[in-house]
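Please look through the model below before reading these notes.

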Amino acid sequence: MATSSPSTSAQPIDALIVGAGFAGMYMLHKLRGLGLNAAVVESGSGVGGTWYWNRYPGARVDIQSLEYSFGFDEELEKEWRWSERYAPQPELLRYAEHVADRFDLKRDIRFNTRVTAAHWDDAAQVWTVQTEKGPAVRCRHLILATGCLSIPTDVTFPGIDTFKGDVYRTSRWPHEGVDFSGKRVGIIGTGSSAIQSIPIIAGQAEHLTVFQRTPNYSMPAHNGPIPDADFEAWSKDPRGYRAASRDTVGGFQNEASDAMATETAPEEIRAELERRWAWGGFRILGAYADTSIDPQANRIIQEFVAEKIREQVKDPAVADLLTPKDHPFGTKRPCVDTGYYATFNRPNVSLVDLRAEPLAGFNAEGIKTTAREYAFDAVVLATGFDAMTGAIERIDLRGRGGRQIKDHWAEGPRTYLGLMVAGFPNLFTITGPGSPSVLTNMINSIEQHVEWVADCLVALKQRQQTSIEASEEAEAAWCRHSAEAVTPSLLPQANSWYMGANVPGKPRMFMPYAGGLNKYTEICRQVAAKDYEGFMIRQGERVLSESRVFTSLPEPGEIPEKLAPIIMERLMAAGLLPAE
Ligand code: N01
């Protein structure tokens, strides 16, 4: 438990970090190492963020653990040995604890403390941060490491309070665990959380009923011990391995190919997809370069996965219900499972299609659909998150002139580089909207952000500069560039949480940056190298430097001839084609 409490004295601390997940922990360690005075507030009672909260059965990482772990410290890297290709949640939490202990982080973390408000004081050039309990904290810089998927959606169901059984939410799972033995259990949702937990719950429960509104694509993890060849490739040169991971679009190694599915012979495609399916996880995503853009190419993967579902699920009607039909492959985050589809062959598992019989609500015994009633002892809500903006917008966050973040983001989150927001000086977001974040290996994205922010704070401090703020113009240019990066792809075609589509009333806007982690890293590097292009830097009231442009775009890559017409058409339809 923390022993220190962030300062409330007249002297503000250098930085207050919100959240003690991987991002907050590394940020604290990094700033401490640079001699800055930093502290963390965390609403949970321990470190680990996502892996602290999401303790549902079957929870595990979907990027290989060798890559989903910190690379900033060689000793840490050497002393930790993952037990499986995809580590389970308890092991990930142990890793987070290990990192916290190894770097003695907890003495500067105030646990069980939720931030409620943060107001910028322009005269003093500090943030005043209010928490649910304890005194306010004054800090020069406020760093939100609040997570992209940390706040569950507010979804509720009529009559849920009258239900006599137990209700669990995957993202707020009891720390002591739940034993479903002999119980009749219902689960609502078929996203990654449900897909991971369903096989385990089915193994315990007397009967499990899955309520599905929209099926998702899921690939087998083929989890198990880390193959010797993979471990050897990594351990020969961990630095080089990590550098190669970071120099990819997704921040992990995926054998991304330049080949076009629509220009490849069917038997060759088949062999390649089989090979990648057998390897497991996200590897199939890298098979062909046109599947993320060309609907015809995407259909090839869709049909392959549909066939795999039919192979695994004995009842053809159930297999058909489990097959996605409303969105192209890869336009929602695909799931990585262990035995998900085969679970539907069990006699104690049934699937309810909420499109055919919509969910009407709960009663004392269980769940009512428009067709019938289902009695349960327990119900699990695996209904998702208010992604990317949820945790930030729940803070009463006010920038210069009292401007509220909610107003600034009324039409969707606007940021510069996903790192800062115009009108909110000295406020940083780690893997915030507008950054590659959830489209990538989060750890690599976190490390890149933390290191950029740390360099920025050091540069400011060295020159006794008191504030940095993104310009409106640079922010607008980044939003435009982000739209240009995603518009050519099929990504905006799904009703995904990337688009804010899972939260009623949330503005529809593709929130993560889709241009790739490698390109993004280079952009951020160039922005800093140009003395923080696009930012205004002040010392007290004096403006020291003011850049309103954003020009740090790398040369556009060559567009494959075959995809050019599709890309042009989409950019034109969105009004995004650059003027001749
Ligand atoms: O949430 P989701 P999740 N009535 O939003 C359904 C990451 N993650 O927690 O699609 C009925 O994907 C909803 O149905 P629909 C990963 O990035 C990673 O599962 O809206 N159903 C959907 O089926 C992932 O993408 C791992 O029609 C309702 C489900 O609930 C992200 O977190 C593991 C409903 C929500 O699915 C979110 O995943 C877990 C309603 N009123 C999570 N409201 C790893 O493997 C919602 N649903 C690392």
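1. Rings of Phe, Tyr and Trp (its six-membered ring) count as a pair if their centres lie within 6.5 Å; planes under 30 degrees apart are called stacked, over 60 edge-to-face and the rest tilted. By this rule, a search of the whole structure gives 38 aromatic pairs. One of them is W82 with Y95: the ring centres are 4.8 Å apart and the planes stand at 50°, so this pair is tilted. W82 lies in the loop between α3 (74-79) and α4 (89-102), and Y95 in helix α4, 13 residues apart.

2. This is a predicted model, in which local features need pLDDT of at least 70, side-chain atom pairs count only at pLDDT 80 or more, and totals for chains, interfaces and linings use all residues. Residues are numbered from 1 along each chain as its sequence is written, and side-chain values use heavy atoms, with hydrogens and water left out.

3. W82 and Y95 are both buried (under 20% relative accessible area, 1.4 Å probe, protein chains only). The two also belong to one aromatic cluster, whose members include F22, W51 and F103.

4. R81 lies over the face of F231, 3.5 Å from the ring centre (CZ of Arg or NZ of Lys within 6 Å of the centre and within 35 degrees of the ring normal). R372 is placed over the face of Y374, at 4.1 Å from the ring centre.

5. In strand β20 (residues 535-539), four of the five residues are buried. Strands are DSSP runs of E of at least two residues, numbered from the N terminus, and two of them pair given at least two DSSP bridges. Four bridges join β20 to β21 (residues 542-546), antiparallel, with M536 opposite E546.

Key: Buried means under 20% relative accessible area, exposed over 50%, partly exposed in between (1.4 Å probe, protein chains only).
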